[in-house]
Amino acid sequence: MKERRDKINYYLDLAETVSQRGTCLRRKYGAVIVNNDEVVSTGYVGAPRGRKNCSDIGTCIRNELNIPRGERYELCRSVHAEANAIISAARSQMIGADMYLAGVDAESGDYIANSNSCAMCKRMIINAGIERVFVRDTKDEYRVIEVREWIENDESLNGTRGY
């Protein structure tokens with residue numbers, strides 16, 4: 001008898017599937033918000049509705065300018081997976097919820113180990129009322145981040161950039 005997939009990896013698998021819709025030329029992320037064991041919302045990386053995606057125009061300004069990950073997001077054409085998932089849900093559905101986040105390198109398809117939400121997404125996750133973020137590192141390994149840690153350890157106070 002085949003062993004049943006644990007629930008956390010099940011939701012991370014969903015996030016990974018959602019990431020496949022991403023249009024970023026650098027990284028494909030998917031986010032799934034779950035509350036009381038029910039999927040509330042999903043989101044992936046892509047340009048705002050109606051605008052051309054980087055995958056459509058074939059270029060990434062951040063790549064062209066050699067901007068490291070975690071910096072200068074104002075230049076990016078895309079909305080992050082976390083933000084798109086939050087935009088698509090009512091706050092009442094997100095209070096106390098968990099977010100599942102999976103990312104892969106758009107070129108190699110490798111998992112992005114030790115990734116984290118950017119500073120802007122962290123602020124949105126905090127305000128949405130989400131309690132925990134599960135981040136995939138490998139097909140079966142993940143980290144659990146208690147959102148209250150982002151509140152208590154505010155990296156913006158010490159000038160930390162990136163993620």
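Reader: What makes the span of helix α1 (residues 7–19) close to the one expected?

Author: In this predicted model, helix α1 has 13 residues and reaches 18 Å from its first C-alpha to its last. The expected span is 1.5 Å times one less than the number of residues, and for α1 that expectation is 18 Å, to which the reach of the helix is close. At the start of α1, the backbone nitrogen of Ile-8 has a side-chain oxygen of Asp-6 within 3.3 Å.

Reader: Which residues of α1 are buried, and what do they pack against?

Author: The buried residues are Asn-9, Tyr-11, Leu-12, Asp-13, Ala-15, Glu-16, Val-18 and Ser-19, and they pack against β1, β2, β3 (98–105), β4 (132–136) and β5 (142–146).

Reader: Why are β2 and β5 said to stand at the edges of the sheet?

Author: The 5 strands form an open sheet in the order β2-β1-β3-β4-β5, with mixed pairing. Since β2 and β5 each have a single partner strand, one side of each is left without a neighbour in the sheet, and they are therefore said to stand at the edges. Neighbouring strands of this sheet are turned against each other by 20° on average, direction ignored. Helix α1 packs on the sheet, touching β1, β2, β3, β4 and β5, and its direction makes about 135° with that of β1.

Reader: How do you know that β4 and β5 pair?

Author: Two strands count as a pair if at least two bridges are found between them, and β4 and β5 pair in the antiparallel sense over 5 bridges.

Reader: Why is Asp-37 called partly exposed?

Author: Asp-37 has a relative accessible area of 45%; because buried means under 20% and exposed over 50%, with partly exposed in between, Asp-37 is called partly exposed. Asp-37 is found in the loop between β1 (27–35) and β2 (38–44). Leaving aside neighbours within four places in sequence, Asp-37 is in contact with Lys-7 and Tyr-11.

Reader: What makes the approach of the side chains of Asp-37 and Lys-7 a polar contact?

Author: A polar contact is a pair of N or O atoms within 3.5 Å, one able to donate a hydrogen and the other to accept it, and the side chains of Asp-37 and Lys-7 make such a contact at 2.7 Å.

Reader: Why is Asn-53 called buried?

Author: The relative accessible area of Asn-53 is 16%, and because buried means under 20%, Asn-53 is called buried. Asn-53 is found in the loop between β2 and α2 (54–57). Leaving aside neighbours within four places in sequence, Asn-53 is in contact with Thr-23, Gly-46 and Ala-47, and a polar atom of the Asn-53 side chain lies 2.8 Å from the backbone nitrogen of Ala-47.

Reader: Where do the buried residues of helix α6 lie around its axis?

Author: In α6 (residues 119–128), the buried residues are Cys-121, Lys-122, Ile-125 and Ala-128. They cover an arc of only 130° around the axis, which means that they are on the same side of α6. What covers them includes α4 (81–87), α5 (91–94), β3, β4 and α7 (147–152). Just after α6, Gly-129 takes a positive phi of about 90°.

Definitions and conventions: Residues are numbered from 1 along each chain as its sequence is written. This is a predicted model: local features need pLDDT of at least 70, side-chain atom pairs count only at pLDDT 80 or more; totals for chains, interfaces and linings use all residues. Side-chain values use heavy atoms; hydrogens and water are left out. Helices (H or I, at least four residues) and strands (E, at least two) are DSSP runs, numbered from the N terminus. Buried means under 20% relative accessible area, exposed over 50%, partly exposed in between (1.4 Å probe, protein chains only). Contact means heavy atoms within 4.5 Å. Axes are lines fitted to C-alpha atoms, for helices over the stretch in contact, and angles run from 0 to 180 degrees between N-to-C directions. The arc is that of the directions from the helix axis to the C-beta atoms.
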